[in-house]
Amino acid sequence: MSEHETTASTVRYGMVIDLDKCTGCMACSVACQQENNVSYQVDESNKLRSITWMKVFFLENGKPYPDYRFTYLPRPCQHCNAAHDSPCTFVCPVNATKRDEQTGIVSQIYPRCIGCRYCVAACPYHARYFNWWDPKWPQPMEAMLSPEVSVRMRGVVEKCTFCHHRLNRARALAYLAGEELSKVTYVPACAEACPTKAIAFGNLLDTQSEVARLARDSRAFRLLEKLQTEPKVTYLSKHQWVHRLGDQGLSA
Amino acid sequence: MQFAAGAVGGALFTPMPWKLAEDTAIWSQNWSWRPSPEDGEITSVATTCQLCAGGCGITARLVDRQRAIMLQGNPNHSINDGGICPLGASGVQFLYAPYRIPQPLKQTGKRGDPTGLKPISWDEALSALDAKLTELRTSGNPHRVAAITGQSENSMHRLWQQFSTAYGSPNLFTMPSPADSQKLAASLVFGRQAPLGFALEQANYVLSFGAHLIEGWGAPGRMQVTYGRWRDEKPGSAKTRIVQIEPRCSVTAANADEWIAINPGTEAAMALGIAHVLIRDLLYDADFVSNHAFGFDDWQDAAGKTRQGFKSFVLANYPPEKVTELTGVASEKIKELATEFARQKRAVAVWGSGNGAGPNNLYDDLVFLALNALTGNLGKSAMLGLTPEVPLGALPAPTMDGIAQRGLAQQRLDLAPKPNWPLPGNGVHAFLEAIGTNPAYPIDLLLIHEANPAYTLPGNQIYYSAQEKIGLVVSFSSYLDETALLADLILPNHSALERLDDVCGLPGVPYAYYAIASPILPPQRNTRHTGEVLLGAAQGIGGSVAASLPWKKYDDYLQERVQGLAASGQGAIAEYREIEPWRLQPGDSPELFYRRPPTEGNSAEQKTPESLQKTRTVQAYWKKLTGGMYWYDAPVNVLKNLATPSGRYEFALQNLQGKGMAADEDRLYLPHYHPLAPSGDEKDYPLLLISYRMLSLSDQFLANPPFMTKTLSDDLLQGQDLFLALHPQTARAQGFSAGDRAQLKTPQGEVAVRIHVSQGARPGALFIVQGLGHTAYDEYIQNKGVNANEIIEVQMDPLTGLATTWATRAQLRRA
């Protein structure tokens, strides 16, 4: 299927993150790194060079002490659902990144990526990361690398995949059990790890699912809505100031 | 000509450049040095996490049962309910850390020289240890052996106790914890020494005096899960309201329903202000006070002297106006909180001073206990209780030969020649300080187990001074940490995921809990379980010491403990995730909420006491516990089990009588506001330095792993620079802008920092994070930032001699 066609798929995997439950513990970020063989450097303080598929942002309400408040906002790839193309898939010259219209997941095909970083520039959420160097692990640590996720090399872009390797595993098990593939459910590493259950994940098109129900909540908002990227990650917050920051303060 | 033109024209429309680009990408990406993890069968094994005392149930994902690739929360374990904290999620990074000690090491050069640490065999290492242990016994000096263990309350600690007693040394300590002061406070008000538990899952109102509930307080897994449930919208029940009282906008404060910004160190005064309103306006639980409490009214001491009771003391000394002066909180707010707190069905007050990792000022503990008692949180509503003891198999009474008896007759070193404090406890700080200054007797052998005091002790210089005076220092650490680097001999323990161990009780949890951590993989290095080393050492010494530790292997010892648990007939093992021990009230039987939900072909299972009894075989227990399930039992009604002189909850602390209290004032026998002043002149040190912890930065035994270091923001750590948080007004007044370099000086020392400006910081105070400034391990964590423990000051509690921290006087100078 070429990316110019939209299909009548019944599955659109998405996420809802409840910021009122998030405590900024970083379990999601760490679980993601462990699950997906994300590399790390000796010095991670240059955040422009730090690979964080799940990055936890820090938002402040701008008020003085003691009215000051802050919240954390975990940001995975938003798997933008804009018609035909996400901002990143639209610009890739070699089709190294595509949105799968059966599931809505935007994936990265590492061997095809030529490292032009057009997609990194195009993503308004800064959710894409380029491997400027070869990822290097201290030798004993190589034992912890998972065989279920490709280990990347320098010169390619990587990002959150909604743990699609877990989806494939779930589908393989469903196939072997003779079950309906479109009814497969799975959970990405971040949602599974979250100890406050702030991250919900599932099929947005299944109106009975928890994700779909939460996405319709009165506290719901999405990041940079005005850009019409149609992100499939929705956030919940009871604070107006958080909603306003979600659109860079541009919305009323 | 046309042919050539056609060829050129054809070349312009060829897809070759794009195909070549794609192919080049593929060819150039398969470098040989890119690790290619080998595929294999993926299996999962359940165990209990040991990376902190929180006892979460975890599963480890293995490839071919040979290497671990992930730790996840065990979805069948209802305490952490499938979730995991960041330390647990990075657990595999400790198993494969480059700084793991691969085999025993001996310091052949000068102590502290990393190049002098040479590998030796286990035989040689154990001989060296045995020789020293035997030598000190034969010379009649068993008391000159000391041990510090990072494991308290569990079977390993119990083994250390057994060994120390049989060997003949009173000098056994654990690393500092809030339980150290809680136990002593409990011994005064309840007559029983046990850590405190709070029924937070039941609470609909949480009044937190600086307890960092979602940043590592108590059992972190349980707290995160409970917080998530507090924020759930459940039809028919009101959401839990959290009121956080502390000077800084911490994560807990930012997420609370109300944050009350208070003067640092005045939380107990605030609690007494609230108590004043409760008493004055008759909002306290009168039934509790009349029937279960002593010392609320004026009382008579053992000598017959009439002393002031809690009621008149609080009414006289803590009216709202006075408390406003101390705390900076408006009197209307104090009254509002008191009324709100008293009105709730299930409100509880929690607390945690300093950075929450160590003991509290005892009078503070007593004040907050009193506040809970006043509102009837003990007994019936059981919002607060004591962590129940787990009925594990008792150890045989240790045999003490003449050497041991003479050794145990010696005063513990922190209390020698005689105790300076009326109510001593786990005096590890005072112990180390004594060695370094003027000890009553020397310590010739120090054993350090699952602890890194050279780094984690507040005021860590005392460790450096102490070890200089100790003949032989032996570390059992699995990692080349600061303390191990200073040791003479290292006998590395298996690391957390390779080791059989157990967890007895969870910090801050009122119901009984027991879990076993079983190894997920065989030991990856040439290490030995420290329990085995102790058992072997006991056999090597022989005689009564060997007789007191009769187990051949640590497994045998632990199985005997579990045998006792199975035989006790108490509690149950949580076989299903639907089991919720926190719903049990004191006196409930464990099968009350023991329901397996219906599955295809089976109806919902409800155990009866008889069917439950059938499952209590030691084989079944061992299998299930080592399989990652936990054992639980109902909380205990603390009022049914009092052992105070009055047989009641004591507002007036009769157990302090005759303990050599410094002065004879009435108020010393009552919970009161008793701040411990930091040293230094306010003129020289105009600011207050307060340290804090983050759940995403490990500051205890384990060094922060690389995955977690990555999550630290660049306004906290940049390169090697640690940023201190201060209010913009304070920064301006001190002459600093955001990002500036500064020298931070306290009476304890001086470090280089950078300035981060934040409206969350209280004006006049500086906030420093714990967990950075390591000098050991490897380049991923070494030399980043500063160790707050180097510059924060410890105030010794006058009642207990425990090392408390809450603030240090500080100054900032231009760098």
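A salt bridge is a side-chain nitrogen of Lys or Arg within 4 Å of a carboxyl oxygen of Asp or Glu. The exercises below apply this rule to a predicted model.

**Exercise 1. Determine which residues form the salt bridge between domain 1 and domain 3 of chain B, and describe the contact around the pair.**

Solution. 
Step 1. Locate the domains. In chain B, the assignment gives domain 1 as 42–96 and domain 3 as 200–381 + 641–669. Their centres, taken over C-alpha atoms, are 36 Å apart.
Step 2. Describe the contact. Domain 1 of chain B contributes seven residues and domain 3 of chain B six residues. Together the two domains bury about 430 Å², 71% of it on carbon and sulfur atoms. On the domain 1 side, Gly54(B), Ile79(B) and Asp81(B) lose the most area to domain 3, together 53% of what that side buries.
Step 3. Apply the rule. The count between these domains is one salt bridge.
Step 4. Classify the surface. The side of domain 1 that touches domain 3 has three nonpolar, three polar and one charged residues.

**Exercise 2. Characterise the interface of chain B and chain A by its residues, buried area and polar pairs.**

Solution. 
Step 1. Count the residues. Chain B supplies 75 residues to the contact and chain A supplies 71 residues.
Step 2. State the area. The two chains bury about 5,900 Å² between them, with 61% of it on carbon and sulfur atoms.
Step 3. Count the polar pairs. There are 24 residue pairs in polar contact across the interface, both residues being at pLDDT 80 or more. By class, the side of chain B that touches chain A has 39 nonpolar, 19 polar and 17 charged residues.
Step 4. Count the salt bridges. Four salt bridges link chain B and chain A. One of them joins Asp232(B) to Lys21(A), with the closest N and O atoms 2.6 Å apart.

**Exercise 3. Decide whether Arg61(B) and Glu35(A) are buried or exposed, and place their salt bridge in the structure.**

Solution. 
Step 1. Give the distance. The side chains of Arg61(B) and Glu35(A) meet at 2.4 Å, N to O.
Step 2. Arg61(B) lies in strand S2 (residues 57–63) of chain B, and Glu35(A) lies in helix H1 of chain A.
Step 3. Consider the helix. In H1 (residues 27–35) of chain A, nine of its nine residues are buried. Asn37(A), which follows H1(A), has a positive phi, near 55 degrees.

How values were computed
Residues numbered from 1 in each chain as written. Chains lettered and ligands numbered in written order. Predicted model: local features only at pLDDT ≥ 70, side-chain atom pairs only at ≥ 80, totals over all residues. Heavy atoms only, no water. Contact = heavy atoms within 4.5 Å. Buried area = accessible area lost by both parts, 1.4 Å probe. Polar contact = N/O pair within 3.5 Å; in protein donor to acceptor, adjacent residues only side chain to side chain. Nonpolar A, V, L, I, M, F, W, Y, C, P; charged D, E, K, R; others polar. Domains from an automatic or database assignment. Buried < 20%, exposed > 50% of the residue type's maximum accessible area, 1.4 Å probe, protein only. Helix = DSSP H or I, 4+ residues; strand = E, 2+ residues; numbered from the N terminus.
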